[in-house]
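Below is a short briefing on a structure.

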Amino acid sequence: MSLGDFLHMGGYAGYVWSCYGLTAVVLFGMEWSSQRRLRAAQQHARRRAQIAGSQS
Amino acid sequence: MNTQSRTGTESRPPSRWLWFFQLASPPHAYRLLGLWRPWLLWPALLLMAVGVYGGLVLAPPDYQQKDAFRIIYVHVPAASLSLMVYVMMAVAAAIGVIWRMKLAHAVAAACAPIGAWFTVLALVTGSVWGKPMWGTWWEWDPRLTSELILLFLYLGYMALRGSFDDVQRADRASAILAIVGVVNVPIVKYSVVWWNSLHQGPSITVTQLDKPAIAGSMVWPLLLLLLAFVLYFGAVLCTRVRTEILQRERNTAWLSEIGVES
């Protein structure tokens with residue numbers, strides 16, 4: 001089997017690759033956005049802790 | 001384990017559920033989830049790589065569906081997760097209501113967007129698979145319709161949460177929706193058995209793992225990817241629950257103790 005045959009997917013290339021591509025994008029996206037939200041929440045909490053610390 | 005009773009009466013035995021409530025303490029859970037995440041994420045990525053290779057390269061083309069059947073390797077795990085995540089969300093919400101456990105509510109809230117994305121994936125990959133196989137992108141078929149309702153349940157849950165300013169009220173109200181909506185899960189799961197559906201029947205059945213409806217060379221990548229998706233979900237859930245904990249905790253004294261950077 002050549003690389004061309006593999007990419008061609010027996011004529012179903014558009015269907016198969018779009019499904020795999022979409023899945024990769026969604027899986028990566030949920031991980032990436034979750035990490036970003038956590039970083040933001042951590043920064044927010046740190047700032048809050050600093051303010052609390054400076055007041056006491 | 002600390003067996004000293006808070007009430008001072010020595011007769012009261014330590015609860016066998018003590019570990020459960022210790023786990024639920026926010027600082028403890030926050031730290032533990034951070035430790036678990038890499039142990040879920042990296043095996044998930046490794047299994048995904050092997051599973052995708054097995055599914056796209058090693059598995060032979062289906063005699064009827066040819067190479068289009070390979071969509072099964074992303075469609076079935078996504079669809080399975082859309083249901084599993086919902087059940088987990090409903091169970092967590094129920095625990096939150098019954099034991100008034102904040103962490104359980106945090107888990108339920110963290111599940112919703114992940115589950116919604118898995119549902120979107122299942123619907124879209126199913127639609128793309130349906131086009132060459134059934135000749136249509138969409139059909140108001142029991143399986144497809146109930147899966148669409150699942151998406152609306154997730155979206156409704158998130159919208160309901162968002163409509164409250166008070167977290168505790170949001171937790172309780174959305175928990176009821178999550179618990180009631182769980183009736184849709186068996187409908188999705190058994191729709192292909194109960195009704196004459198356009199959708200094909202299950203390829204693997206838990207009670208008949210030894211005789212799947214598809215060949216061995218086709219089934220092992222599917223099982224591997226299913227496991228990979230579960231682990232990946234676990235990794236993302238860890239991050240999202242930690243975020244929920246941070247957003248809910250007003251008292252942040254413990255943050256400096258454990259180091260919020262990690």
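**Helix packing in a predicted model**

In helix 4 of chain B, B:Lys102, B:Ala106, B:Val107, B:Ala109, B:Ala110, B:Cys111 and B:Ile114 meet B:Phe233, B:Val236, B:Leu237, B:Arg240, B:Val241, B:Glu244, B:Ile245 and B:Arg248 in helix 8 of chain B. The residues of this contact divide into 11 nonpolar, no polar and four charged. Two residues are in contact if their C-beta atoms, placed from the backbone, lie within 7 Å. Ala, Val, Leu, Ile, Met, Phe, Trp, Tyr, Cys and Pro count as nonpolar, Asp, Glu, Lys and Arg as charged, and the others, Gly among them, as polar.

This is a predicted model, in which local features need pLDDT of at least 70 and side-chain atom pairs count only at pLDDT 80 or more, while totals for chains, interfaces and linings use all residues. Residues are numbered from 1 along each chain as its sequence is written, and chains are lettered from A and ligands numbered from 1 in the order in which they are written.

**Chain B overall**

- The secondary structure of chain B comes to nine helices and zero strands; helices (H or I, at least four residues) and strands (E, at least two) are DSSP runs, numbered from the N terminus.
- Of the 262 residues in chain B, 37% are buried, a residue being buried if 20 or more other C-beta atoms lie within 10 Å of its own, exposed if 12 or fewer, and partly exposed in between, with C-beta atoms placed from the backbone.
- Among contacts in chain B between residues at least 6 apart in sequence, 75% join residues at least 24 apart.

- The axes of helix 4 (residues 102-134) and helix 8 (residues 216-248) of chain B come within 8 Å and cross at roughly 125°, which makes helix 4 of chain B oblique to helix 8 of chain B.
- Axes are lines fitted to C-alpha atoms, for helices over the stretch in contact, and angles run from 0 to 180 degrees between N-to-C directions.
- Angles under 35 degrees count as roughly parallel, over 145 as roughly antiparallel, 65 to 115 as roughly perpendicular and the rest as oblique.
- The axes of helix 5 and helix 7 (residues 184-194) of chain B come within 8 Å and cross at roughly 160°; these two helices of chain B are therefore roughly antiparallel to each other.
- By class, the contact of helix 5 with helix 7 of chain B has seven nonpolar, three polar and two charged residues.

**Nonpolar core**

- In the largest nonpolar core, of 73 residues, B:Ile71, B:Met89, B:Ala108 and B:Cys111 touch the most other members; such a core is a set of buried Ala, Val, Leu, Ile, Met, Phe, Trp, Tyr and Cys residues joined through C-beta atoms within 7 Å.
- Helix 4 of chain B gives the most to this core, with 18 residues.
- Leaving out residues up to four places away in sequence, B:Cys111 touches B:Val85, B:Met88, B:Met89, B:Ala92 and B:Leu237.

**B:Ala59**

- B:Ala59 is in the loop between helix 2 (26-58) and helix 3 (72-99) of chain B.
- B:Ala59 is buried, with 23 other C-beta atoms within 10 Å.
- B:Ala59 and B:Met218 are 159 residues apart in sequence and 5.2 Å apart in space, C-alpha to C-alpha.
- Beyond its neighbours within four places in sequence, B:Ala59 is in contact with B:Gly54, B:Ser217, B:Met218 and B:Pro221.

**Contact between the chains**

- The contact takes 25 residues from chain A and 30 residues from chain B.
- The side of chain A that touches chain B has 15 nonpolar, six polar and four charged residues.
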